[in-house]
Amino acid sequence: MSETYSKNYFEKYAALTLTKILHVNEHEIIQSDKPDLRIPILDFGIEVTQAITPEEAVADMKKPLYALLDMNPFDHQNDNIPHVIEKINNAILRKIDKSKNYEQYHSNGLYIFSHCHNIQQSELYIYLQSLDFSSFFYRYIFINCITNIYCFDYITKKLTSTSFHKSELIAMNIESLIYDQTCAKKRRKIILPKTS
């Protein structure tokens, strides 16, 4: 079976991580649109995006990256952390512009795949503390840094971290790949032949 990665994959993966972060069951998270994830029991809507642009995500140059990593196929191990933070900032700005089209919940969140495992919590905190918008749609910003997912509360300015064990990452990757293979929602995919 070929492995595929589309927005469906990342939305499913985000949902699986949020079960642990928000202490909800998987069936309580509904994959939808505008926002991508809805958790009615918490009156919470979460939009999912990536620090890289959609064009970068589907570019042929990214295929070797996905092919090499079975556990977390979106970790580029970037040592240029200011560049990664700039990409995160660009993702936030893109989603602020689009947020006027999203359904509003009691809590609104933005979940960003950083595609980088080696961002230090202190570096991320300095950046997130510096965000200063007069009107900000998202109360919570989730930053997926592979083994750790950080949640920043824009109102209280608190940053919390949830860690994931290697076995959890592998299981979530497999479940998200299966979902992407079988999901009826059609999206442009990165398709890789199964390596033996």
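**Figure 1. Strand 4 and strand 5 in parallel pairing.** Strand 4 (residues 44-50) and strand 5 (residues 107-113) run parallel and are joined by seven bridges. Within this pair, E47 has L110 of strand 5 as its bridge partner. Strands are DSSP runs of E with at least two residues, and helices are DSSP runs of H or I with at least four residues, both numbered from the N terminus; two strands pair if DSSP finds at least two bridges between them. The model is predicted, so local features need pLDDT of at least 70 and side-chain atom pairs count only at pLDDT 80 or more, whereas totals for chains, interfaces and linings use all residues. Residues are numbered from 1 along each chain as its sequence is written, and side-chain values use heavy atoms, with hydrogens and water left out.

**Figure 2. Burial of strand 4.** Seven of the seven residues of strand 4 are buried, so this strand is largely enclosed by the rest of the structure. Buried denotes under 20% relative accessible area, exposed over 50%, and partly exposed the range in between (1.4 Å probe, protein chains only). In a regular strand, side chains alternate between the two faces of the sheet. For the protein, 51% of the 196 residues count as buried.

**Figure 3. The hairpin of strand 3 and strand 4.** Strand 3 (residues 37-39) pairs with strand 4 in the antiparallel sense over three bridges. R38 has G45 of strand 4 as its bridge partner. Four residues lie between the two strands of this hairpin, in which D43 takes a positive phi near 50°.

Figure 4. Seven strands, in the order 2-3-4-5-6-7-8, form an open sheet with mixed pairing. Strand 2 and strand 8 (158-163) stand at the edges with a single partner strand each, so one side of each is left without a neighbour in the sheet. Further inside this order, strand 5 and strand 6 (residues 140-145) run parallel and are joined by five bridges. In strand 6, I143 is the bridge partner of I112.

**Figure 5. Helix 1 and its two ends.** Helix 1 (residues 7-22) has 16 residues, which at 1.5 Å a residue should span 22 Å; the C-alpha atoms at its ends are 21 Å apart, in agreement. The expected span is 1.5 Å times one less than the number of residues. Of the 16 residues, 13 are buried, so helix 1 is largely enclosed by the rest of the structure. Just after the helix, H23 takes a positive phi of about 55°.

Figure 6. E26 lies in the loop between helix 1 and strand 2 (30-31) and, at 35% relative accessibility, counts as partly exposed. Apart from neighbours within four places in sequence, E26 is in contact (heavy atoms within 4.5 Å) with K12, L16, T19 and E175. The C-alpha atoms of E26 and A15, eleven residues apart along the chain, are separated by 7.3 Å.

**Figure 7. Cysteines without a disulfide.** A disulfide is a pair of cysteine sulfur atoms within 2.5 Å, and by this rule the count is zero. The cysteine sulfur closest to that of C116 belongs to C145 and is 7.0 Å away, too far for a bond. C116 is buried at 0% relative accessibility, and C151 is also buried, with a relative accessible area of 13%.
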